[in-house]
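Biologist: Hi! Could you walk me through this one?
Modeller: Happy to, here it is.

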Amino acid sequence: MTIQLYYYLLYAWIALALIAFPFLLRQTAPYGRHANSNWGPIISNQLGWMIQEGVAPFFISFWFFTGTIEKTNTSYFFYGLYVLHYIYRSYIFPFRTQTKGKQIPLIIVGSAVFFNFCNTFFLGYYLGNIGGNFDNSYFTNPLFVVGLVVFFIGVYINVKSDNMLIALRKPGETGYKIPTGFLFDKISCPNLFGEMIEWLGYGIMNGSLAVFSFPIWTVVNLLPRALDHHRWYHSKFSNYPKERKAVIPFVL
Ligand SMILES: NC(=O)c1ccc[n+]([C@@H]2O[C@H](COP(=O)([O-])OP(=O)(O)OC[C@H]3O[C@@H](n4cnc5c(N)ncnc54)[C@H](OP(=O)(O)O)[C@@H]3O)[C@@H](O)[C@H]2O)c1
């Protein structure tokens with residue numbers, strides 16, 4: 001594939017994100033608390049997460065290692081951070097959640113596999129064939145350092161908030177409670193906020209449009225979900241804190 005074709009596809013991928021965003025704002029994704037039986041065949045929630053996220057490390061490895069440019073420590077660093085995140089998300093996180101007996105529609109699993117296929121193509125092909133292979137001095141570049149700090153702030157917010165949500169249920173429980181403490185006192189979905197910050201940091205760290213397509217898509221996927229969660233909390237709990245925002249503290 002020529003680099004020119006890659007960039008045409010990348011622009012189309014980013015344009016698709018902008019087109020999908022208003023649609024996703026109107027269509028609640030039917031998994032987790034929003035799951036219902038109108039979306040066709042279903043499978044175990046944990047298996048679904050393992051499949052849909054577990055393909056990502058394999059897909060990106062293919063594109064990265066079949067790429068022809070010389071890999072440097074920074075190339076391996078960008079690749080490694082992505083892979084570590086997805087190993088956690090697919091093979092550790094689903095088994096920490098209290099969701100035994102819950103189901104996920106196959107169509108959600110299929111669309112997440114499709115998303116990961118495209119996303120890993122754009123990241124992996126870029127890192128394998130086009131850029132991100134800086135020399136070691138890039139590790140002290142202000143852009144890289146700021147991005148790295150933002151990335152780990154996001155990881156911290158995401159993992160801590162997910163841990164607090166998981167801890168709301170005793171073993172065997174499947175219902176929902178009002179979370180409190182940490183950023184939950186400010187927003188309904190700090191875990192999704194943290195995930196957006198994390199990949200924004202990843203994009204800043206690398207500085208390329210190719211890698212920035214991932215944070216763009218993360219916002220497109222997670223901001224509507226956070227707004228859905230927020231509305232759902234208000235409809236489910238009459239005593240839900242009125243001052244709490246949905247996903248961006250003090251703003252939204
Ligand atoms: N990068 C991306 O594009 C992307 C896309 C999707 C998800 N993710 C990440 O994957 C993780 C999970 O996403 P998600 O959308 O499933 O998050 P979520 O809806 O907030 O759920 C997280 C976990 O906590 C449980 N939970 C949530 N609120 C609860 C409450 N009030 N009381 C009791 N239990 C509660 C959920 O159970 P139930 O499943 O039973 O609701 C689930 O096991 C997050 O870290 C998210 O950032 C990333």
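Biologist: Let's begin with Phe182: where is Phe182 placed?
Modeller: Phe182 sits in the loop between helix H5 (142-167) and helix H6 (190-206). Helices here are DSSP runs of H or I with at least four residues, numbered from the N terminus. Before we go on, this is a predicted model, where local features need pLDDT of at least 70, side-chain atom pairs count only at pLDDT 80 or more, and totals for chains, interfaces and linings use all residues. Residues are numbered from 1 along each chain as its sequence is written.

Biologist: Thanks. What is the phi of Phe182?
Modeller: Phe182 has a phi of about 50°, a positive value, although Phe182 is not a glycine. Most residues other than glycine have a negative phi.

Biologist: And how many other C-beta atoms lie within 10 Å of Phe182?
Modeller: There are 13, so Phe182 is partly exposed. Buried means 20 or more other C-beta atoms within 10 Å of the residue's own, exposed means 12 or fewer, and partly exposed is in between, with C-beta atoms placed from the backbone.

Biologist: What about Phe250, where is Phe250 found?
Modeller: Phe250 is in the segment after helix H7 (209-236). Phe250 also has a positive phi, near 70°, and is not a glycine. Phe250 is exposed, because 8 other C-beta atoms lie within 10 Å.

Biologist: Switching to the ligand: which residues are closest?
Modeller: The closest are Gly32, Thr97, Leu165, Tyr176 and Glu195, in a shell of 21 residues around the ligand. A residue is near a molecule if its C-beta atom, placed from the backbone, lies within 6 Å of it. H5, H6 and H7 each supply at least two residues of that shell.

Biologist: How does the shell divide into nonpolar, polar and charged?
Modeller: Seven are nonpolar, seven polar and seven charged. Ala, Val, Leu, Ile, Met, Phe, Trp, Tyr, Cys and Pro count as nonpolar, Asp, Glu, Lys and Arg as charged, and the others, Gly among them, as polar.

Biologist: Where does the ligand lie relative to the domains?
Modeller: The ligand lies between domain 1 (39-134) and domain 2 (141-252), because both give residues to the shell. Those domain bounds come from an automatic or database domain assignment.

Biologist: How many Å separate the two domain centres?
Modeller: The centres of domain 1 and domain 2, taken over C-alpha atoms, are 19 Å apart. The contact takes 13 residues from domain 1 and 13 residues from domain 2, with contact meaning C-beta atoms, placed from the backbone, within 7 Å.

Biologist: Which element gives the most on the domain 1 side?
Modeller: H4 does, with four residues on the side that touches domain 2.

Methods
Two residues are in contact if their C-beta atoms, placed from the backbone, lie within 7 Å.
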